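Biologist: Hi! I'm new to this one, could you walk me through it?
Modeller: Happy to, let me bring it up.

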There are 2 protein chains.
Amino acid sequence: MSFTKENLRVLLATIEPVDQKIMAQAQHRLDNLTKPLGALGMLEDMAKRMCGIQVSLTPSVARKMILTFAGDHGVVAEGVSAVPAEVTPQMVANFLAGGAGVNVLAKHVGAEVRVIDVGVAVPVVGEGLILAKVKAGTDNIRKGPAMSEDEALAALGVGVEVARNAINDGAEILGTGEMGIGNTTPSAALFSAFLNLPAAQVTGRGTGISDEALTHKIQVVEDALAINAARCRDPLSTLAALGGLEIAAICGMILEAARQRVAVVVDGFISSAAALTAMEMNPTVLDYCFFSHMSGEQGHRLFFEKTGLKPILHLGLRLGEGTGAALAMNLIEAGVKILTQMATFGEAGVSPGEILDGSDGA
Amino acid sequence: MSFTKENLRVLLATIEPVDQKIMAQAQHRLDNLTKPLGALGMLEDMAKRMCGIQVSLTPSVARKMILTFAGDHGVVAEGVSAVPAEVTPQMVANFLAGGAGVNVLAKHVGAEVRVIDVGVAVPVVGEGLILAKVKAGTDNIRKGPAMSEDEALAALGVGVEVARNAINDGAEILGTGEMGIGNTTPSAALFSAFLNLPAAQVTGRGTGISDEALTHKIQVVEDALAINAARCRDPLSTLAALGGLEIAAICGMILEAARQRVAVVVDGFISSAAALTAMEMNPTVLDYCFFSHMSGEQGHRLFFEKTGLKPILHLGLRLGEGTGAALAMNLIEAGVKILTQMATFGEAGVSPGEILDGSDGA
């Protein structure tokens, strides 16, 4: 785990924007397909962006991979979750056995799932588990920083390395995933810090806590923000002070994917906190990010409102793991197929330009 | 085409609600899967309803079929569309050649597409085309009724028969589709009539017409409603007066699917007008309908607001053909797989009840 501040600086400096020229060419093709202009909405937008990402008019997202990072959170000692931390390793075992939601949905869309222990509190083993524990869970953010900057860098480095290996193994599109009991609390703290929003607006019910417990959780987030205020000088120090090991790893994964011009599908509330951290480090990463869904967790809507980003799905999902990312990958693939497989006006013998900006075939 | 009023009466009388008992059992299983209660949102709701529809805890939607009905509209003579009626048969040929949006998206989700000429204005032939023309396009609804009640019944009967054949051939879930230049105009008229909404609120830009042309289109819809007011006595007579042949066929398809306890995924704005007609005939059909998406066409949002129904996707689609239905089928299948393939707490060694109503894995 020798990922350093200098490594991060170089990584951030080597992220380049998507190719606008090829996107203009993609738009031209989209406009010549046998449909009214723009009639396939976001499918067209996503296909065009995939062209800009892969610098190709025939992008491929056939090889899909979801990277699910697991980590624990010291702040669970404050009673912020209805679920005990023991569930984190139990769910890791469930991922490895193929029985979790992300396994089912990944299989449905033809994606591989890789599971990484970047910070589970207890030792975890299991066939296929990627062992990259930086720390046995974060410290309690109500009492001090979640981790040191070196630990945050190490967790970032895990994300970078796992993403690099996935891409080396052929992944053409990556999905983020996470498991960590308590991780809506650090995520809410990060949203509050980066978006300048009061804790009460970005803190939700997580595992289904009561009104009373929610009031308490908001207080915990406020206290965490207050005690760590002086530590939050820049995105990295804020991530270290308030974040989580899996959140840092996802942040690193997003940065590396962007550097290598590989699309990343961001899962839900927690993954968005990681993506927000990456955006704060270098906004160009957004060129490579697709936001899979609007989570049921309070605060996610504000994230989209504040950033102007648009989620792909609105299904009331709030499971995490990478479940939303899996479903959204399938829609991005549908968009790419529209671009590459649909007939143009010329090919189909429909007079070009006859079908204009239309609606429902008429 | 000997479908009669009596056939319709019997069909409507034999539609039964979904099985609530099996849905309660499905809910019990969903609540025991390794995730917080309800954390997979609409996926869970859709899976549960599929159980009620098929009266099975292991419903199957593996065999998917989209039925795309084509018809023309006399009202295009009023200049309501930016696209000439010649495009209807050209697009039918495109469907048969596999080059249209619906072909690409159906293939993506593993669905078959069947194309039916129920009312194209000119003769159309092509390999695979189902020939069931009731009338060579409707009459101009600004001048009088679109068709006679007997013609509407015949078109309904086509939908019934095509759905029946699809189900006999093994279809486990059906998607509606349509092609008909001008068909947002009769659809707007039906929404206005059935939902008691002013024409201006449900009439949109269709093929991308200008502000001026939209004002004219609204006037056309108002005139059509006025001249046909006395004819709109019940759902069938309203459908005959204001509707379209493909709209009537989709209405029949939905009724037959409901009678046979087969799920129907309703495509966009025009298909929703057909579904609304079916609902007016017998609201129990709603038990079998899934609404694939919120169309970009104005008026669709009001349909959902007025009926309280919830669309699955919000991708800004406005192509029709069955494109939205194809994508939504894939999400229904994902929900079914969650129900049938995910591990329960017991199976996974996660203590039952530990994970409660949660958010993003924490």
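What follows is a chat about the domains and the chain contacts.

Modeller: One thing before we start: this is a predicted model.

Biologist: Good to know. Which domains is chain A divided into?
Modeller: Domain 1 of chain A covers 5–58 + 339–356, and domain 2 covers 64–331.

Biologist: And how far apart do the C-alpha centres of those two lie?
Modeller: The centres of domain 1 and domain 2 of chain A are 29 Å apart. The two are in contact, with 19 residues of domain 1 meeting 26 residues of domain 2.

Biologist: How much area do the two domains of chain A bury between them?
Modeller: About 2000 Å², and 66% of that is on carbon and sulfur atoms. On the domain 1 side, A:Ile15, A:Arg49 and A:Ile53 supply 27% of the area buried against domain 2, more than any other three residues.

Biologist: How many salt bridges are there between these domains?
Modeller: The count is 2 salt bridges between domain 1 and domain 2 of chain A. As for salt bridges by name, the side chains of A:Glu16 and A:Arg261 form one, at 3.9 Å from N to O. Between the two domains there are also 11 residue pairs in polar contact.

Biologist: Which helices of chain A supply at least two residues each to the domain 1 side?
Modeller: Helix 1 (5–13) and helix 3 (41–54) of chain A each do. Helix 3 of chain A has the largest share, 8 residues. Sorted by class, the side of domain 1 that touches domain 2 has 12 nonpolar, 3 polar and 4 charged residues.

Biologist: Switching topic: how many residues do chain B and chain A bring to their contact?
Modeller: Chain B brings 75 residues and chain A brings 74 residues. Together the chains bury about 5700 Å², with 58% of it on carbon and sulfur atoms.

Biologist: Last one: how do the residues on the chain B side divide by class?
Modeller: The side of chain B that touches chain A has 35 nonpolar, 29 polar and 11 charged residues.

Conventions: Residues are numbered from 1 along each chain as its sequence is written. Chains are lettered from A and ligands numbered from 1 in the order in which they are written. This is a predicted model: local features need pLDDT of at least 70, side-chain atom pairs count only at pLDDT 80 or more; totals for chains, interfaces and linings use all residues. Side-chain values use heavy atoms; hydrogens and water are left out. Domain bounds come from an automatic or database domain assignment. Contact means heavy atoms within 4.5 Å. Buried area is the accessible area (1.4 Å probe) that two parts lose on being put together, summed over both. A salt bridge is a side-chain nitrogen of Lys or Arg within 4 Å of a carboxyl oxygen of Asp or Glu. A polar contact is a pair of N or O atoms within 3.5 Å; within protein, one must be able to donate a hydrogen and the other to accept it, and residues adjacent in sequence count only if both atoms are side-chain atoms. Helices (H or I, at least four residues) and strands (E, at least two) are DSSP runs, numbered from the N terminus. Ala, Val, Leu, Ile, Met, Phe, Trp, Tyr, Cys and Pro count as nonpolar, Asp, Glu, Lys and Arg as charged, and the others, Gly among them, as polar.
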